[in-house]
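Please look over the sequence and the three-dimensional view below before reading on. The report that follows takes up helix packing, aromatic rings and a database annotation in turn.

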Amino acid sequence: MTDWSTLWPVYLTSIGQTLWMVVATLVLGGVLGLALGVLLYTTRPGGLLENRVLSAVLNVLVNFVRPIPFIIFMTAVAPLTQAVLGTFLGTPAAIFPMTIAATFAISRIVEQNLVTIDPGVIEAARAMGSSPWRIISTLLIPEALGPLILGYTFIFVGIVDLSAVAGSLGGGGLGDFAISYGYQRYNWVVTWVAVLTIVVLVQLAQFLGNTLARKALRR
C-alpha cells in the first residue's frame, strides 16, 4: 500500500522543484537562445550583420553541443557547474546545465523561424535606412512571433524531459520522485502518478502556447 500521508509533502515539493527548473531554464535559455538564434540568422552570408567567420564558429558550436545526450552533457559539465555554483547536486545546480542545453536547442528554432520571413520585407526596411537593431527588434522578431511561441512551447516539453533526467542525477523534481519513491521501491502507483502529473503540466503548457500563438498570428 502507498502511504500518501508521507509521500504527499514530497510529491508537492517535487512538483515545485520541477516547475522551478523548467521555468528558470525556459526564461534563461529562452533569452540566451533568442540572442544566439538571431546571431545565427543575421551573421550568415547575406544577413544583416554578415560575418562569415562568426557564423561558422557559432554553427560549429551549436552543432557540437546539440547532439550530446543530456545525461552525458550534464555529467560532462559537472566540473563547470561545481566551479560556478559550488556544487553539482540539487535543483539550482541542475538548472545550470539545463540552461546551456536549452540555449543551443532554442537558438536553432529561432534561426529556422527567422529564415521563413520574406527577404523582400527586410530589404525594404534596409532601403528605408533602418538600422540592423531596429529591423531585428521591430520587424524580424514581431514577424516571427507566432511561430516562435509554438517553438518555445515545443521546447517546454523538451525541458520537462531534461528536468526528469536531471532528477535522476540529484536534481530533484518529479523525475527524482518517480525513481526514488516509485521505480526503486517497485511502487508503480507512485511512478504513474509522477508520469500523469508531467503529462498534465505539458498539456497545460501546450494549451497556453497554442492560445498565445493564435493571438500573435491574428495580429
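## How two helices pack

Axes here are lines fitted to C-alpha atoms, for helices over the stretch in contact, and the angles between N-to-C directions run from 0 to 180 degrees. Helices themselves are DSSP runs (H or I, at least four residues), numbered from the N terminus. With these terms, helix α1 (residues 4-42) packs against helix α10 (residues 188-217) at an angle of about 35°, and their axes are 12 Å apart. The crossing of α1 over α10 is right-handed, a term used when the near helix is turned clockwise from the far one by less than a right angle.

Contact means that heavy atoms lie within 4.5 Å. On the α1 side the residues in contact are Trp4, Leu7, Tyr11, Ile15 and Leu19, and they meet Val189, Val190, Val193, Thr197 and Leu201 in α10. By class this contact has nine nonpolar residues, one polar residue and no charged ones, where Ala, Val, Leu, Ile, Met, Phe, Trp, Tyr, Cys and Pro count as nonpolar, Asp, Glu, Lys and Arg as charged, and the others, Gly among them, as polar.

## Basis of the values

This is a predicted model, in which local features need pLDDT of at least 70 and side-chain atom pairs count only at pLDDT 80 or more, while totals for chains, interfaces and linings use all residues. Residues are numbered from 1 along each chain as its sequence is written, and side-chain values use heavy atoms, with hydrogens and water left out.

## Aromatic rings

Rings of Phe, Tyr and Trp (its six-membered ring) pair if their centres lie within 6.5 Å, and planes under 30 degrees apart count as stacked, over 60 as edge-to-face and the rest as tilted. By this rule there are five aromatic pairs. The ring centres of Phe70 and Phe73 are 6.5 Å apart with planes at 35°, so this pair is tilted. Both residues lie in helix α3 (residues 70-76), three residues apart, about one turn of the helix, and both are buried (under 20% relative accessible area, with exposed over 50% and partly exposed in between, using a 1.4 Å probe and protein chains only).

The rings of Phe177 and Tyr181 have centres 5.6 Å apart and planes at 35°, so this pair is tilted. Phe177 counts as buried because its relative accessibility is 1%, whereas Tyr181, at 23%, counts as partly exposed. Together with Trp8 and Tyr11, these two residues form one aromatic cluster.

## Annotated spans

An unreviewed UniProt entry places the feature "transmembrane region" at several spans, including residues 20-41 and 186-209; such annotations may be inferred rather than shown by experiment. Residues 20-41 are 100% helix and 0% strand, with end C-alpha atoms 31 Å apart.

Technical notes
Helices (H or I, at least four residues) and strands (E, at least two) are DSSP runs, numbered from the N terminus.
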